[in-house]
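Have a go at each task before reading the solution under it.

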Amino acid sequence: MEASCLELALEGERACKAGDFRAGAAFFEEAVRVGTEDLKTLSAIYSQLGNAYFYLKEYAKALEYHKHDLTLARTIGDRIGEAKASGNLGNTLKILGQFEEAAVCCQRHLDIAQEQGDKVGEARALYNMGNVYHAQGKQLSWSLPREPGHPPPQVQEALEKASEFYEKNLSLVKELGDRAAQGRAFGNLGTTHYLLGNFSKAVGFHKQRLAIAKEFGDKAAERRACSNLGNAHVFLGRFDIAVEYYKKTLQLSRQLQDQAVEAQSCYSLGNTYTLLQDYEKAIEFHLRHLLIAQELGDRPLSALAAWWWPPQPVLPTATALQIGDPSGEITACMNVAQLESVLGLKLSSDDLDSSALYTGYEVQGARPKRTPRSIMDSLDLLRLPPEKDQNGENRHAGELKVAGKDFLGLPARSHRSREAPSVLKPAVPGDSPLETSDVQLQVSQL
């Protein structure tokens, strides 16, 4: 006896709740094939099919089924269903880079939610509108020339709109008492102001995001907040504070057993110690970065949801090794080699062996908190004279380059200097600079 449409749909729903979206989509597809005269049930199936394909990153199919859902919801006069379908269409169009159409859909979601007095739906719509303009601003910033803290007018307009919607969302979720949603809003406001060059405001928002992450015991969100705080403090010229946040990021990445982010944290620490002219520590962390990358070998990386520092579109070593790009590892080696040249030393190939660096530490489990002093002492490091005694001129902050270019020309700041670097470009946090839960999909219940 053939299963009914509803039975198949319920199996699909169970599979999706268990995280098996491929199986879920197959059940939903079969439910559509069997068919039903209950148009509300069919609308819910279309909605869930669209969501399943969205999570499978098959966005064309997701778009197709969300359009079917919208058409059906309008046909049967289901305003709440129309709002949900519009929100899902907006999210999908945003991912596809169709920002104007996405904004229209999210605005329709917002209008209907307000019309129906649906405060939760209104908050989601405001959040998704912010995400659309944030994504648009970020994409524009990649294609237009910009100076740090001074984005082009089109970028600034999009990011300011994003900020407005996030502020409205924050106000509403505070009214609703939704602390988790407040944390997401604070995080995205921080990232938006960072991209606008409002680094002090970004710090304030990210600190609030960090507090809520700790409140919920959300280590992944805490790690993101710490990395974002490190980035913002770099551009405020507070390199010593940035180091402390990057160290916390490193610690959390180990707790989360995320070696890719661990490598990135070491990379950022190496660069920031260079800004502080602490070249000994810079070498230490660049070596760690290189060794972790080598340890990763060809094992596939899961989603990389972290920022890159510095901001040039360069693949960090850990990522480069995964995709067969040797230039990333070369970059890490060059970072170490050029630091060596400044310090007047030379590492042998044996010094790059992980077993040598980790002597006395367990290879399994948590990584050592620091490289043993013995290996650094063996380098016979030469101390650089104070900045004023080097060559009669100060290096201009922002001359540092990476990825096959001169590394140590980068900002050589003393521990006393706290002026914001004038020509550094803001790093764009993350594969998605937004919270990982930024996509607020609407699920129609069967």
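**Exercise 1. Decide whether Ser43 is buried or exposed in this predicted model, and find what it touches.**

Solution. Start with the location: Ser43 sits in helix α3, residues 39-55. Next, check its relative accessible area, which is 5%. The cut-off for buried is under 20%, so Ser43 counts as buried.

**Exercise 2. Work out how helix α9 packs against helix α10.**

Solution. Two packed helices are described by the angle between their axes and the distance between the axes. For α9 (residues 179-196) and α10 (residues 199-216), the angle is about 155 degrees and the axes are 8 Å apart. Angles over 145 degrees count as roughly antiparallel, so that's what α9 is relative to α10. As for handedness, α9 passes α10 in a left-handed crossing.

Now look at who meets whom. On the α9 side, the residues include Phe186, Leu189 and Tyr194, and among their α10 counterparts are Phe205, Ile212 and Phe216. Sort the contact by class and you get 9 nonpolar, 8 polar and 5 charged residues.

**Exercise 3. Check the span of α12 against expectation, then list its buried residues and their packing partners.**

Solution. Take the 17 residues of α12 at 1.5 Å a residue: the helix should span 24 Å. The end C-alpha atoms of α12 are 24 Å apart, so the two agree.

Then pick out the buried residues of α12: Phe239, Ala242, Val243, Tyr245, Tyr246, Thr249, Leu250, Leu252, Ser253 and Arg254. These buried residues pack against α10, α11 (219-235), α13 and α14.

**Exercise 4. Which residue just after α12 takes a positive phi, and where else can you find a positive phi in a residue other than glycine?**

Solution. Keep the background in mind: most residues other than glycine have a negative phi. Gln257 lies in the loop between α12 (239-255) and α13 (259-275). Its relative accessibility is 72%, and the cut-off for exposed is over 50%, so Gln257 counts as exposed.

For the other case, go on to the loop between α13 and α14 (279-296), where Gln277 lies. The phi of Gln277 is near 65 degrees, again a positive value in a residue other than glycine.

Definitions and conventions. Residues numbered from 1 in each chain as written. Predicted model: local features only at pLDDT ≥ 70, side-chain atom pairs only at ≥ 80, totals over all residues. Heavy atoms only, no water. Helix = DSSP H or I, 4+ residues; strand = E, 2+ residues; numbered from the N terminus. Buried < 20%, exposed > 50% of the residue type's maximum accessible area, 1.4 Å probe, protein only. Axes fitted to C-alpha atoms, helices over the stretch in contact; angles between N-to-C directions. Parallel < 35°, antiparallel > 145°, perpendicular 65-115°, else oblique. Left-handed = near helix turned anticlockwise from the far one by under 90°. Contact = heavy atoms within 4.5 Å. Nonpolar A, V, L, I, M, F, W, Y, C, P; charged D, E, K, R; others polar. Expected span 1.5 Å × (residues − 1).
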